Amino acid sequence: MNTFTKKKILMIACYIIVALPVFVSIFYTLPNADDFSFPVTLRNLMENMNYLQAVLVNSYKNYMGWEGTYTGTFLADTIAYGITLNLTGLHIVLAINYVLFLAGIILFVKKLLEFVFGIDKKSVLFVVSLFVEISVLNMSNLRELIYWLDGAVFYTVPFICTLFGTYLLMLWKDQKKTSYLVISSILGFIASGGSLDIVVFNCGFYFGICFVYLIDTGKLVDKYWIPFALALAGGLCNAAAPGNFRRHSFMEDTSINPISSLIDSFSLIDNYYKRLLTIHILGVLAVLCIVVIWTVGISTISAKKHTLRRIVLFAIYAFLLNVISVFPVLTGYSISELDSCLRALNVSETGVTMAIFLSLSSLVYWAACRFRIHFKARELAIVCICLMMVAINGGYLQKMTELSGDMTYQAMSELASGKMQANYKQYKGFLETLENAEEGSDVVLSGVDYGDTIIAVTKLDTTKGEWEAASASSFYKVNSIILNMHE
């Protein structure tokens with residue numbers, strides 16, 4: 001086995017080790033909330049039509065009466081209807097979703113650094129993509145995109161399409177394979193059928209790549225723009241859906257104030273940048289990224305691509321794209337922050353994380369190559385010690401390495417304690433009891449309250465008047481569900 005193959009295997013092993021705790025925990029997920037309501041709606045429609053007709057009718061009704069997410073609605077109808085009662089199917093779908101999500105981020109980050117800045121040093125690309133993976137998996141809110149089918153089909157799957165679609169578009173520049181352009185165009189249109197914040201990222205990613213292509217080649221009119229055009233067309237269809245406006249009319253605050261939402265968007269993203277760099281593990285990884293890249297970054301760089309001007313413009317564009325991505329969410333819900341919409345919050349945090357590492361790594365690599373400064377082992381140790389001392393003295397180290405709220409830590413902790421397995425076994429038993437219950441009966445469930453867990457379980461007690469419980473009771477065709485839990 002040659003050295004290159006050994007390094008490649010080691011890199012892949014690092015990616016897998018980082019992803020493994022959350023991957024294992026996915027096999028303890030359960031149906032939740034909308035995972036029950038979508039099948040009920042489809043089942044009611046199928047009393048008068050076949051399955052395909054019901055899917056199309058419900059997608060149309062959702063587009064006209066609720067929201068324009070044509071991809072999310074179609075997937076929710078087709079997938080949720082088939083696997084809500086099949087936990088093995090649910091686990092497989094969510095596991096595939098998780099693997100593709102991480103693979104998309106890794107491939108996109110590596111290719112973008114090469115495409116935009118001409119960075120082709122494999123060690124640098126590996127370090128940056130690995131640190132992005134670690135940072136994304138250490139966000140507490142990612143669970144709604146990974147452990148929940150509804151979050152996956154409306155947010156994660158469209159975002160995956162964006163990542164792979166733009167990756168293929170960047171590949172097409174060099175290889176000119178028509179299949180890459182066709183698949184990229186299809187994925188761009190599919191991605192624009194997700195949540196509106198995903199639509200902004202989708203169109204923004206495609207446009208940014210096309211703009212870089214324009215600068216590098218000088219070709220204003222080129223079929224390279226076709227994927228962007230389809231992504232934009234899909235985004236406009238999504239945004240213009242009558243359901244978006246009808247849904248907004250049901251909100252407690254029906255006012256629309258674009259200026260206020262834009263100001264809130266700037267403030268929100270500015271706070272995310274500061275927070276992620278100061279009280280999150282991302283801050284530690286950013287420092288390590290600087291040291292490592294400067295250590296291995298001595299190489300030749302493209303005078304045309306890797307310029308300080310391009311780096312600054314990229315950082316500004318990435319910041320503004322993140323701002324614009326939260327704008328439709330804040331406007332649509334008439335809110336000033338994303339705490340009430342955790343899925344949108346994590347999409348935004350993921351975008352900020354990628355922007356920080358891409359901007360930072362390109363700048364550090366440029367400086368290392370431009371000034372030809374290379375750390376020796378002793379100097380590297382001194383730099384690391386100094387940085388650690390500053391962090392400890394400033395009290396930031398404890399904050400930056402606080403893991404109790406991070407998803408990977410929670411998954412490892414709950415798996416090790418057996419809490420996740422016990423909670424899964426109990427709720428699986430609840431669902432089996434409901435499945436076997438007599439139609440129209442009143443079901444009483446009793447069990448142990450294990451407290452909050454990283455994997456959300458649906459609210460089953462219909463006596464508390466919550467819609468999630470009503471959806472579950474409708475799904476299982478029982479009259480009521482009473483849940484008695486004790487410590």
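**Figure 1. Contacts of Leu107 in the predicted model.** Leaving out residues up to four places away in sequence, Leu107 touches Phe164 and Tyr167. The model shown here and in the other views is predicted. Leu107 lies in helix H5. At 30% relative accessibility, Leu107 counts as partly exposed, because that class covers values between 20% and 50%. Leu168 is 61 residues away from Leu107 along the chain, yet the C-alpha atoms of Leu107 and Leu168 are separated by 9.9 Å.

**Figure 2. The second largest pocket.** Rolling a probe the size of a water molecule over the atoms shows where empty space is left. The second largest pocket holds about 820 Å³ of space. It is lined by 25 residues, and the closest to its centre are Ile12, Tyr15, Ile106, Leu107 and Lys110. Three helices, H1 (3–25), H5 (87–117) and H6 (122–137), each supply at least two residues of the lining. H1 provides the largest share, with 10 residues. By class, the lining divides into 17 nonpolar, one polar and seven charged residues.

Figure 3. Met354 is found in helix H16, which spans residues 342–371. Is Met354 buried or exposed? With a relative accessible area of 3%, Met354 is buried, because the cut-off for that class is under 20%. Apart from neighbours within four places in sequence, Met354 is in contact with Phe108, Val109, Val132, Phe159 and Leu163. Ala318 is 36 residues from Met354 in sequence, and the two are 8.9 Å apart in space, C-alpha to C-alpha.

**Figure 4. Packing of helices H8 and H10.** Two packed helices are described by the angle between their axes and the distance between the axes. For H8 (residues 149–175) and H10 (residues 196–217), the angle is about 10° and the axes are 9 Å apart. H8 and H10 are therefore roughly parallel to each other, because angles under 35 degrees count as roughly parallel. On the H8 side, the residues that meet H10 include Tyr155, Phe159, Leu163, Leu169 and Trp172. On the H10 side, the residues that meet H8 include Ile198, Phe201, Phe205, Ile209 and Tyr213. By class, this contact of H8 with H10 has 14 nonpolar, five polar and three charged residues.

**Figure 5. Packing of helices H9 and H10.** The axes of H9 (residues 178–191) and H10 come within 9 Å and cross at roughly 150°. That makes H9 roughly antiparallel to H10, because angles over 145 degrees fall in that class. Which residues of H9 and H10 meet? Ser184, Leu187, Gly188 and Ala191 in H9 meet Ile198, Asn202 and Tyr206 in H10. The contact of H9 with H10 comprises four nonpolar, three polar and no charged residues.

**Figure 6. The largest cavity.** The count comes to one cavity of 30 Å³ or more. About 40 Å³ of space lies in the largest cavity. Its lining is made up of Tyr28, Leu30, Glu414, Met420, Asn423, Tyr424, Thr453, Ile455 and Val457. Helix H20 (residues 419–436) gives the most to this lining, with three residues. Sorted by class, the lining of the largest cavity has six nonpolar, two polar and one charged residues.

Terms used:
Residues numbered from 1 in each chain as written. Predicted model: local features only at pLDDT ≥ 70, side-chain atom pairs only at ≥ 80, totals over all residues. Heavy atoms only, no water. Axes fitted to C-alpha atoms, helices over the stretch in contact; angles between N-to-C directions. Helix = DSSP H or I, 4+ residues; strand = E, 2+ residues; numbered from the N terminus. Parallel < 35°, antiparallel > 145°, perpendicular 65-115°, else oblique. Contact = heavy atoms within 4.5 Å. Nonpolar A, V, L, I, M, F, W, Y, C, P; charged D, E, K, R; others polar. 1 Å grid on protein atoms, 1.4 Å probe; cavity = no way out; pocket = protein on both sides within 12 Å on 5 of 7 lines; lining within 4 Å. Points joined across faces, edges and corners; volume = space filled by probe spheres on them. Buried < 20%, exposed > 50% of the residue type's maximum accessible area, 1.4 Å probe, protein only.
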